[in-house]
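Thanks, everyone, for making the time this morning.

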Amino acid sequence: MRILAIESSCDETSASVLEEVNQEIHVLSQITATSLSLHAATGGIIPENAARMQVKFIMPTIIEALLKSRKTEDGKKDWDTAREILDKEIDAIAVTYGPGLIGSLLVGVETAKTLSFAFGKPLIPINHLLAHIFANYINRKKDEITFPFIGLIVSGGHTDLLFFKNPKDYRWLGGTRDDAAGEAFDKIGRLLNLSYPAGPEIESRASTVEKTTIKFHSPIINEDNFDFSFSGLKTEVMRFVEKTELNEPLVNEICFATQKAIFDVLIKKTLAAAMKNKCKMILVGGGVSANGTFRHQLTSNAKQLELEILFTEKEYSTDNGAMIGAYALQNIAPVDWKKVSANPELYFA
Ligand code: KG4
Ligand code: ZN
């Protein structure tokens with residue numbers, strides 16, 4: 001089965017063609033356009049701007065992904081060939097229908113519905129959050145992943161722990177009560193005048209620090225639940241910054257202490273979720289999971305408890321079209337295009 005997958009929930013416009021061969025998902029093409037630089041200038045995403053860029057990027061992105069899937073791409077926009085590929089080689093279309101920014105979501109959803117109608121292709125609406133977890137299937141043998149498992153989503157908009165019995169049957173265990181982990185990185189980055197999004201810069205600055213006396217609290221780390229809260233950490237860092245004269249080494253130490261406060265609570269609660277629910281495996285996804293220090297620390301702590309941790313390949317950690325197709329291939333559930341609509345508030349059904 002070959003799928004055209006479309007992601008447009010926020011500031012990335014991404015299209016991918018992928019298929020499952022011998023129980024392994026292969027990405028034949030993935031094209032991603034981003035309006036990130038536009039948002040970097042404003043220090044955060046302005047939804048109206050993001051939606052306008054989605055409109056601009058959506059068709060070129062899809063056409064390029066289709067052409068590249070057949071390796072006919074020679075730089076020119078051959079619309080007829082793209083149309084032929086969609087008609088003859090694509091079995092279904094998958095699209096993110098939520099959660100996300102309404103304007104951005106509408107662009108991908110309405111485009112996918114139009115293509116589904118015009119080409120008579122089944123349409124598979126996908127929950128963006130679940131797709132972050134199922135991105136772990138990309139370039140990995142299907143039987144390496146065994147149910148039940150714990151899923152951890154750590155992105156700019158979400159921090160959630162879920163228990164999966166199978167791809168369709170899952171239970172939400174807990175999540176953030178306020179800011180997501182990535183959002184905490186970005187807001188603290190803004191306090192320190194770092195680049196946006198700040199996760200990668202905080203990671204690289206933290207990696208230059210061997211030890212520090214600065215310590216921030218890991219919010220609600222000792223509560224016996226699977227919830228998170230990161231807005232207090234931002235306030236704690238803000239208070240510290242207000243009464244301190246910043247210099248380069250100090251900023252690096254603040255990055256180190258911030259990262260530690262966030263990762264300590266994420267690691268403790270994720271491992272506890274696996275132990276409590278008798279899962280041997282944990283699948284992690286979302287932009288924050290691109291962080292090498294997080295990968296290393298979570299993996300080594302899990303080993304001591306004989307738990308196995310799987311991360312998505314870094315390329316598929318941040319928002320991308322392939323992850324949408326990867327989940328669609330694990331849970332092929334087409335819906336009549338007339339019944340599909342964008343749902344910005346979609347959470348876990
Ligand atoms: O999954 P994603 O691309 O978008 C959402 O669905 O939100 O995640 C983006 C988030 C941003 O907050 C960014 O700062 C964070 O992921 N991020 C990182 C790293 N790379 C991206 N956080 C920590 N360390 C990183 N290396
Ligand atoms: Zn995401």
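**From the ligand to the strands**

Let me begin with the ligand, where a polar backbone atom of V288 lies 3.5 Å from an oxygen atom of ligand 1. Please keep in mind throughout that this is a predicted model. At G156, too, the contact is made by the backbone, with one of its polar atoms 2.7 Å from an oxygen atom of ligand 1, whereas for H132 the N or O atom in question belongs to the side chain and is 3.4 Å from a ligand oxygen. In total, ligand 1 is surrounded by 20 residues, and the closest of these are G156, D186, E203, G287 and N291.

Let me turn now to strand β6, which covers residues 149-154. How many of the six residues of β6 are buried? Six of the six are, and the strand is therefore largely enclosed by the rest of the structure. F149, G151 and I153 point one way from β6, while I150, L152 and V154 point the other way, and on both sides the residues are buried.

As for its partners, β6 pairs with strand β7, residues 159-164, in the antiparallel sense over six bridges, and a hairpin of four residues connects β6 to β7. Within that pairing, I150 has F163 of β7 as its bridge partner. With strand β9, residues 281-285, β6 pairs in the parallel sense over five bridges, and here L152 stands opposite V284.

I would like to finish with two residues elsewhere in the chain. S14 sits in strand β2, residues 12-21, and with a relative accessibility of 1%, under the 20% cut-off, S14 counts as buried. A polar atom of the S14 side chain lies 2.8 Å from the backbone nitrogen of G321, and, setting aside residues up to four places away in sequence, the residues that S14 touches include I6, Q30, T61 and N320.

The other residue is D11, which lies in the loop between β1 and β2.

Key. Residues numbered from 1 in each chain as written. Chains lettered and ligands numbered in written order. Predicted model: local features only at pLDDT ≥ 70, side-chain atom pairs only at ≥ 80, totals over all residues. Heavy atoms only, no water. Helix = DSSP H or I, 4+ residues; strand = E, 2+ residues; numbered from the N terminus. Buried < 20%, exposed > 50% of the residue type's maximum accessible area, 1.4 Å probe, protein only. Polar contact = N/O pair within 3.5 Å; in protein donor to acceptor, adjacent residues only side chain to side chain. Contact = heavy atoms within 4.5 Å. Pairing = 2+ DSSP bridges. Near = heavy atom within 4 Å.
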